[in-house]
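Subject: Structure handover

Hello,

Here is the structure for you to look through. Please open it first, then read my notes below.

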Amino acid sequence: MTHPTKKKALYIEGPSPRAFPKSEGSSGRGTVARMSAPRAPARDNPPLAQGQYLLGEAEIERERLGRQHELWRAQVLEGWARAGFAAGMRVIDVGAGPGHATADLASLVGPAGSVTAVERSSESIDDLRRRFAGSATPIRVEQVDLMTDAIPVDAGLHDASWCRWVAMFVPDIDCLVARIAAALKPGGVAVFHEYANYRTYGLLPHSAEVEEFVTRAVRGLEACGGTVNAAGPVVTALARHGFTIEHLRLLPTIARPHEPFWQWPSGFIRIFAPRLVSLGLWDDASVSKLLATIDRAEQDGTSAFIGPLNCSIIARLDPR
Ligand SMILES: C[S@@+](CC[C@H](N)C(=O)[O-])C[C@H]1O[C@@H](n2cnc3c(N)ncnc32)[C@H](O)[C@@H]1O
C-alpha cells in the first residue's frame, strides 16, 4: 500500500442506483487538526475547479446518494453494530453529504447521544440543516473543509466516527485521518467504507465498453487529485495516527438485472458517462455505444454487474 501524495482536491463519486435517464500532516495524533494542511500544487488542466463536485450538486445527485445509501444500508448497520455504535454515543458523520447516514446514526444513538455532521459543500449543508432542524437527537451541522480545518466541536470527546467514500476524494488522506483522530476520545472507534479495488467494476460477460468507462472514470478522478482505491492508504494512515485496526472486510457485489444491486453500477454509468462527455473527458459516440450495451444487458437477463470492490475498515484509537 502506498501513501498518497497530496494532490488537488476534487470530488466524484461511486456507482449509483438507477434513478436516471436511460440511453503529511503525519506529525502525530491530533497535531494536524490544529494547523492548516499543506496543499500540493494543482495538476495541469484538471477537469474541474477545486471544490467542485464532479457529478454536480443537482437534485438528481442528491437522490442518487439516497438510493445508494438504501442499497448499502444493511452492510453499514452491520459495520456499526460490529464497531459497538450504541445509544447515548457521540458520533461524527465525516463528509455527511445530504445526511442519509446521519439520519440512521441519529436513530441509533437516540436523544441521549449526538451526531456531528461535517461537510464541505454548501448545498449539502443546507440540506442537512433543513432536514435535521428540530431532531430529537442533537445533530450539529458543521461546514468544514477537512483539508484546511479541524472538526470544530468536541475535540477529543467523540465516541465514534463514520466516513464513507470521502477519503477517495481528498488530496491528503493522512490529513483526513488526523482530523478524525483529533476528534475522537481515546478508545474511540472509526469506521470507513472505501474502495479496495475499483477495477473489479465490470459486466459479465465482459464488456470492453464498460472497461473503458471504468478507465475514464478513474482517470477523471485521479486527474483532479483523488485516490480511487483509498482503503489501503486509509489503513496506512490509521496506523500512523494511533489506531489499531480491529476489522477489515471486503464487500463484493454482483447482481443480475432484476436484482436491486444491479442499479448501483448501471445507474452510475447512466449518470456519469454523459458527465464525462460534458467535461471533455470522453466522446458522445463511445458513450452511446456504452449505454446501448447496458440496455442490451438489461434486456437479455443473463448478464451480471460486478461492482467496484468496497472495503469496511474498523479501527480503534489507542489510549493516549
Ligand atoms: C461521495 S459523497 C459521500 C457522502 C456520504 N458520506 C455518503 O456516503 O452518502 C462524498 C462527500 O464528501 C464531501 N467532501 C469531499 N471532500 C471534503 C472535504 N475536504 N471536507 C469535507 N467534506 C468533503 C463531499 O462534499 C461529499 O458530500
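A residue is buried if 20 or more other C-beta atoms lie within 10 Å of its own, exposed if 12 or fewer, and partly exposed in between; the C-beta atoms are placed from the backbone. The model is predicted, so local features need pLDDT of at least 70 and side-chain atom pairs count only at pLDDT 80 or more, while totals for chains, interfaces and linings use all residues. Residues are numbered from 1 along each chain as its sequence is written.

Asp154 has a positive phi, near 50 degrees, and is not a glycine. Asp154 sits in the loop between β3 and β4. (Helices, H or I with at least four residues, and strands, E with at least two, are DSSP runs numbered from the N terminus.) Is Asp154 buried or partly exposed? It is partly exposed, because 16 other C-beta atoms lie within 10 Å.

Trp165 also has a positive phi, of about 50 degrees. Its place is the loop between β4 and α4. Trp165 counts as buried because it has 21 C-beta neighbours inside 10 Å.

A cis bond

Leu204 and Pro205 are joined by a cis peptide bond, with omega about -5 degrees. Pro205 lies in the loop between β6 (202-204) and α5.

The core

A nonpolar core is a set of buried Ala, Val, Leu, Ile, Met, Phe, Trp, Tyr and Cys residues joined through C-beta atoms within 7 Å. The largest one has 88 residues, and Ala167 and Val234 touch the most other members. Helix α4 (residues 173-183) gives the most to this core, 9 residues.

Around the ligand

Which residues come nearest to the ligand? They are Gly95, Gly97, Arg120, Leu146 and Arg164, out of 23 around it. A residue is near if its C-beta atom, placed from the backbone, lies within 6 Å. Helices α1 (59-83) and α2 (100-109) each supply at least two residues of this shell.

Helix α2 is mostly covered, with 7 of its 10 residues buried. Among them are His100, Thr102 and Leu105. Just after α2, Gly110 takes a positive phi of about 70 degrees.

Two helices packing

Helices α5 (residues 208-223) and α7 (residues 263-278) pack at about 65 degrees, with axes 11 Å apart. Here axes are lines fitted to C-alpha atoms, for helices over the stretch in contact, and angles run from 0 to 180 degrees between N-to-C directions. Contact means C-beta atoms, placed from the backbone, within 7 Å. On α5, Phe213, Arg216, Ala217 and Gly220 make the contact. On α7, Ile269, Phe272, Ala273 and Leu276 do.

Best wishes

Notes: Contact = placed C-beta atoms within 7 Å.
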